[in-house]
Amino acid sequence: MKVYKNANADDLLIGTKNQRSHELISKVDNHKTKDATEEEHDHVHSSDDDHVHDHDHDHSHEANGSTLDLFKPAIFSFVFLISGILFDFVFHFEWFSGWVRLVWYLIAYLPVGFPVLKDALKSIQKGNFFSEFFLMGIATLGAFGIKEYPEAVAVMLFYAVGEAFQTLAVSKAKANIKSLLDQRPDEASVIVDGRIQVLKATEVKIGDVVQLKAGEKLALDGKLLSESGSFNTAALTGESKPDTKSKGDAVLAGMINLNTVSEVEITTEYEDSKLSKILEMVQHASTQKAPTELFISKFAKIYTPIVVFLAVGIVLFPYFFVSDYVFKDWLYRALIFLVVSCPCALVISIPLGYFGGIGAASRHGILVKGGNFLDSLASVNHVVMDKTGTMTEGVFKVQEVMFSTDFNKEEILSYVNEIESKSSHPVATAIHEYVGEVKGNIDLGQVEEIAGHGLRANIDGKEILVGNYKLLDKFNISYPADHKAIVFTTIAVAMNGRYIGYISIADQIKAGAAETIQALHAEGIKVTMLSGDKTTVVKEVAKELQIDSAFGDLLPEDKVEKLKAVKESDKIVAFVGDGVNDAPVVALSDVGIAMGGLGSDATIETADVVIQDDKPIKIPMAIKIGRKTKRIVWQNIGLAFAVKAIVLILGAGGVATMWEAVFADVGVALLAILNAVRIQRTNFNKDFDKT
């Protein structure tokens, strides 16, 4: 898996505000114990300076205390500001003037203003002169210079409140994802010489046998030694429905044993578990920034200096054109302009929106590797999918064996079983289950796999061909034409250039496959099925599921050509497959979606989106999450620009005051944050509950 060095989610989420948000988030998270999570961070995080904390807020009392600490500076400032306004405009105390009034408002200003001024200085030292901190700093200090003390304090106060809410929103977004870290216990009960020994999970070795009691979570990946077991796989798939496992089946870190005591043989190190890889991938998803995020980052670098020079122009140019020019009035207008122009709503809410979308997807068992792929999902107008393992179960069963009576059926089946034992294709498994164990008493020569055709082998000097009818065509072996028209998948068998017969095999359509196609069509998305399986089978499945177009008997290179043809007519195309065998097609598609992420590490590395529980209905769900995320992001952009444009014009014209400027900046930022976190609260399952 690709590891992104020296990048963390905080930096990318909140742009120039990273350091302050690290400190604020630390305040929120300090109430949690760190010993267990730090140990996990050593494995999951690739950056030494990563400040992402894997805490939740289950302990309401402690969490409320930490939240109160977060707002303490703002509360202190608010009390002094309100009392100062009362002294100024309600009670009209004579003593509240001159240096007393200045000191009073300075006391109100410093708790919320000093951190911003400090960050402005840090940004300047790093070469980022025109930061939002700089804008806020010169605007409020300028307000103090013209004795508009309440407005200066209000700007920083509401900025601090908005930043605190943003911090809570970011923490919530991370908690939705990183709560997965809590799914692995720190200890495991290892059976040593017949006795139970409790060890740290990091000390458990491959080959150790772990005892798992009912209700306990598995700390490492392994295989089940008990005859059977029932597990809650919600941490990995987003599904709470129990999953029954049999002896020898893989069980993964984070699964919860539901019923009887089970024994599991550990097969991977703690840091190499499937859950660790998933967490690492999601943790670094925000490093893959969407085009909108990249645009806003570039835009802010150009936009901020322009704003500063325009503000200077608002102060100076009227001197040459206005007869009753008053410096204080035009400076006030310029300060309003600076406050309004801060790009807070954009630099906060846009990354937060994408991160929230990634979190919402992961909570539903869909792993999206970055905001850029959420953007692509939102624009998909054509889904191309593989058949086996995507729309069908991929579990084949032998339906019929039709061999010529000139041959010994049992002998030929044993040959086929021996040859197919060298293949990992689902067809080989079906034949193995039908025929039985490979006896190993056959002198099997070299087996050659012919891509897209089948297998060729030599047994006792006989050349045996096992594959599709294209394999027989390749070797010029004749066969009855009607055999090629059989609807089921057929395995043709030939020996020494003579056709023997076929084995028919059937696959089962997945539950929810039909609803998946309906949901995609409802979103205005075309669907095409590509498969290496025989055309009659592919057409039959496509007809039953009402798929728009389907093509069978395709070699890997044929799939590439078909996908290129689709891309010529439809701009954004997603390909759904296993992410490994179809690597060329995945690479060519705009979004590669892999089914069955729990089955293959290579799948997680290859695909852009991984559907963990193998359910096809998650394909339209992923697209819907992408579309909602993009819609929220653009709502925030539109809101920010519209409100700011109106108040900027009013401010430059002397109509708007600093109070309107505060709303246009911090108020809009807060609204944008609240809008962005909506996606985290959305239950997308209800839209697909028919499946």
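1. Asp460 has a relative accessible area of 49%, so Asp460 counts as partly exposed. Asp460 sits in the loop that runs between β14 (454–459) and β15 (462–467). Its phi is positive, about 50°, although Asp460 is not a glycine. Most residues other than glycine have a negative phi.

2. A word on confidence. This is a predicted model. The chain averages a pLDDT of 79, and 80% of the residues score at least 70. Over residues 1–65 the pLDDT is below 50. That stretch still has 134 contacts in the model beyond near neighbours in sequence.

3. Asp553 is another residue to check for backbone geometry. Phi of Asp553 is near 55°, a positive value in a residue other than glycine. The residue lies in the loop between β19 (549–551) and α20 (556–569). Asp553 has a relative accessible area of 28%, so it is partly exposed.

4. Next, the surface around helix α4. Ile82 is placed in helix α4 (residues 60–91). With a relative accessible area of 35%, Ile82 is partly exposed.

5. The side chains of Lys72 and Asp69 meet at 3.1 Å, N to O. The two are three residues apart in the helix, so about one helical turn separates them. Lys72 is partly exposed at a relative accessible area of 47%. Asp69 is partly exposed too, at 34% relative accessibility.

6. Now the open sheet. It has six strands in the order β2-β1-β3-β9-β4-β7, with antiparallel pairing. Which strands stand at the edges? They are β2 (195–200) and β7 (250–251). Each has a single partner strand, so one side of each is left without a neighbour in the sheet. Strand β1 (residues 187–192) pairs with β2 over six bridges, in the antiparallel sense. Ala188 stands opposite Leu199 in β2.

7. Val210 belongs to strand β3 (residues 209–212). Is Val210 buried or exposed? Its relative accessibility is 3%, so it counts as buried. Val264 is 54 residues from Val210 in sequence, yet their C-alpha atoms are 5.2 Å apart.

8. Strand β16 (residues 489–495) is mostly covered, with seven of its seven residues buried. Thr489, Ile491, Val493 and Met495 point one way. Thr490, Ala492 and Ala494 point the other way. In a regular strand the side chains alternate between the two faces of the sheet. Here the residues of both sets are buried.

9. The partners of β16 deserve a look. β15 and β16 pair in the antiparallel sense over four bridges. Val466 stands opposite Val493 in β16. Seven bridges join β16 to strand β17 (residues 498–506), again antiparallel. Ala494 stands opposite Tyr499 in β17. The hairpin of β16 and β17 has two residues between the strands, and Asn496 takes a positive phi near 50° there.

10. The count of salt bridges comes to 12. One of them joins Glu227 and Lys247, the closest N and O atoms being 3.9 Å apart. Glu227 lies in the loop between β4 (222–224) and β5 (228–232), and Lys247 in the loop between β6 (243–246) and β7, so the pair ties together parts that are 20 residues apart in sequence. Glu227 counts as exposed at 60% relative accessibility. Lys247 counts as exposed at 51%.

11. Lys567 and Asp590 form another salt bridge, at 3.0 Å, N to O. This pair links distant parts of the chain, 23 residues apart. Lys567 is in helix α20, and Asp590 is in the loop between α21 (583–588) and β21 (591–595). Lys567 is partly exposed, with a relative accessible area of 24%. Asp590 counts as partly exposed at 25% relative accessibility. Elsewhere, salt bridges that share partners join Glu448, Arg456 and Glu463 into one network.

Note on methods: Residues numbered from 1 in each chain as written. Heavy atoms only, no water. pLDDT = per-residue confidence, 0-100. Contact = heavy atoms within 4.5 Å. Buried < 20%, exposed > 50% of the residue type's maximum accessible area, 1.4 Å probe, protein only. Pairing = 2+ DSSP bridges. Salt bridge = Lys/Arg side-chain N within 4 Å of Asp/Glu carboxyl O.
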